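Please look through the sequence and the model below before reading on.

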Amino acid sequence: MSKVELSVELAGVKLKNPIVVASGTFGFGREYGQFYDLSELGGICAKGLTLHRREGNPPPRIAETPMGILNSVGLQNPGVDAFIAEELPELRKHDLAVIANISGNTPEEYGIMCEKLSAAGVDMIEVNISCPNVKAGGLAYGTKPELAAEVTKVAKEHAAVPVMVKLSPNVTDITEIARAVADAGADALSLINTLRGMRIDVNTRRPILKMNTGGLSGPAVLPLAVRMVWEVASAVNLPILGMGGVAKGEDAAQLMLAGASAVAVGTACFADPYAPIKVRDELAEIACAQGLGKVSDLTGGVRPW
């Protein structure tokens, strides 16, 4: 395994290995830092930030499913200024790429956050376009190419670091959105975000989540993620951070073969804090067994029938 080069690049950002932890599943790293040095990771997509502090949705807001979880946390976070003042300095003590995930209700909010975070020194900004645009009647940015392009353009105009747009799978054709944000200047793409799902308590006849529906993540979504990464990689020439159901090295290898340059581990962290480290090591073993000199040789290596 030591013979395999683990480092990769994502939109010009050097990662010492291709394993990133997904936004919303790792907080700001403090809790997981009690288990191992965060420098073991290639990068961290920090918990999603909004311009101002948010308390999130009322509980219950997380529910297990047979192969994953449903969540409707509602972007609970301390706000971008508190992140910059309190969390970023701690993350900067570790040797890993810091990716700030942002959500806004207007293009202007995205622009303000991009300026603040760029000045604060994050390595990359991940733009969540699964949030509602209040000016468009609450329609999510990620569901319409023109809305996705609008927020991407604003982010690029105000960011001094690479901008990665996180695509929603809750669309008819994800490549349509990918092309729109690529044309608007995105430096990279991350996918997939969660799929909308629902569970109902048959005795109370109430939805298990207080907000009725939530985002499905975990092993159940891996085949969808692999398919969508493959489609997007075939449609646009942008680096991809692949995610969705990654729990072991083989999962990560599938996403890389489909076209991802790096891979994010998310829901698996809840069951096993060491999951990202295990995925990294198992991925290296796969590359070594296949006689590859570097794990980046896996990217785009799928051979479709």
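Which residue stands opposite S190 in β12? That residue is K166. The model is a predicted one, in which local features need pLDDT of at least 70 and side-chain atom pairs count only at pLDDT 80 or more, while totals for chains, interfaces and linings use all residues. Residues are numbered from 1 along each chain as its sequence is written, and side-chain values use heavy atoms, with hydrogens and water left out.

Helices (H or I, at least four residues) and strands (E, at least two) are DSSP runs, numbered from the N terminus, and two strands pair if DSSP finds at least two bridges between them. Strand β11 (residues 163–166) pairs with β12 in the parallel sense over 3 bridges, and the chain passes from β11 through α4 to β12 in a right-handed β-α-β crossover (right-handed if, with the strands pointing away from the viewer, the path from the first strand over the helix to the second runs clockwise). Strand β15 (residues 240–243) also pairs with β12 in the parallel sense, over 3 bridges, and here S190 stands opposite L241. In a regular strand the side chains alternate between the two faces of the sheet. In β12 (residues 188–191), A188 and S190 point one way and L189 and L191 the other, and all are buried, meaning under 20% relative accessible area with a 1.4 Å probe, protein chains only.

The buried residues of α4 are I174, T175, I177, A178, A180 and V181, and they pack against α3, β11, β12 and α5 (222–235). Just after α4, G185 takes a positive phi of about 110 degrees. The axes of α3 (residues 145–158) and α4 (residues 174–183) come within 8 Å and cross at roughly 30 degrees; such axes are lines fitted to C-alpha atoms, for helices over the stretch in contact, and angles run from 0 to 180 degrees between N-to-C directions. In this pair, P145, A148, A149 and T152 of α3 meet E176, I177, A180 and V181 of α4, where contact means heavy atoms within 4.5 Å.

Elsewhere, 4 strands form an open sheet with antiparallel pairing, in the order β5-β6-β14-β13. Because β5 (62–65) and β13 (195–197) stand at the edges, each with a single partner strand, one side of each is left without a neighbour in the sheet. The twist averages 35 degrees from one strand to the next. Between β5 and β6 (residues 68–71), which run antiparallel, there are 4 bridges, and the bridge partner of I62 is N71 in β6.

Notes. Buried < 20%, exposed > 50% of the residue type's maximum accessible area, 1.4 Å probe, protein only.
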